[in-house]
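Hi,

Here is the structure I promised to pass on.

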Amino acid sequence: MITILFADDHEMVRIGVTSYLSTQPDMEVTAEASSGREAVRLALELRPDIILMDLVMDDMNGIEATEKIMEAWPAAKIIIVTSFIDDEKVYPALEAGAVSYILKTSRATEIAAAIRKTHDGQSILEPEVAGKLMANMKRRDQRELHEELTARELEVLRLLAEGKTNMEIAEELFIALKTAKVHVSSVLHKLQVQDRTQAVVYAYKHRLF
């Protein structure tokens, strides 16, 4: 029997999904939570096989709740069940530790199938969500390294190209020497180069100035 905790602040949604899951011979919804904070408490108290987690809840959203559960119980299997497919929702949810991500528009049979597959160790993503993730990853792969630099780091790179030392950079930008060193290190790291000279070569090669 797969035990399930369902967290969603909309009672009618919980009733609809729970009613169907209760007809499944291998599933049991052992608890329901109407808030993220309650979901965390019940998850750590009951340790269900699967946690169905809504993203938008009043006192604590699903991403925060997922993070707290995973911190205390890394083996938890959390399925995000939401209406959102925005990148700012999908990525943080998966990074927080959610195993699967499905939409509330999914048929009840699809939700049940996702529960079984997740319970068996698979990661399930709605086709629409998976497509957006792949497209986003492709765009990220095609980005130039310097696009990751902040405006301040671009200033630091420009000063490096002028041959400025860390102290001179600090004086030019009115920042502490320690802060200047941190910016220089960050520039080298983001450009994936070993030293200042390579950073300057990169800057001129990509016509940043």
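To start with the strands: which residue in S3 is the bridge partner of leucine 5? That would be isoleucine 51.

Before going further, a word on the ground rules. This is a predicted model, so to speak of local features I needed pLDDT of at least 70, and side-chain atom pairs count only at pLDDT 80 or more, while totals for chains, interfaces and linings use all residues. Residues are numbered from 1 along each chain as its sequence is written, and side-chain values use heavy atoms, with hydrogens and water left out.

Now the sheet. Strand S1 covers residues 2–7, and S3 covers residues 50–53; these two pair in the parallel sense over 4 bridges. Strands and helices here are DSSP runs numbered from the N terminus (E, at least two residues, for a strand; H or I, at least four, for a helix), and two strands pair if DSSP finds at least two bridges between them. S1 also runs parallel to S2 (residues 27–33), joined by 6 bridges, and isoleucine 2 sits opposite methionine 27 there. Of the 6 residues in S1, 5 are buried (under 20% relative accessible area, with exposed over 50% and partly exposed in between, using a 1.4 Å probe and protein chains only).

In H1, the buried residues are Arg14, Val17, Thr18 and Leu21. They line one face of the helix, because seen down the axis of H1 they fall within an arc of 100 degrees (the arc is that of the directions from the helix axis to the C-beta atoms). Their cover includes S1, S2, S3 and helix H5 (108–119).

Aspartate 54 is in the loop between S3 and helix H3 (62–72), and is buried at a relative accessible area of 3%. Leaving out residues up to four places away in sequence, its contacts (heavy atoms within 4.5 Å) include Asp8, Asp9, Thr82 and Lys104.

Finally, glycine 36 lies in helix H2 (residues 36–46) and counts as buried, at 0% relative accessibility.

Cheers
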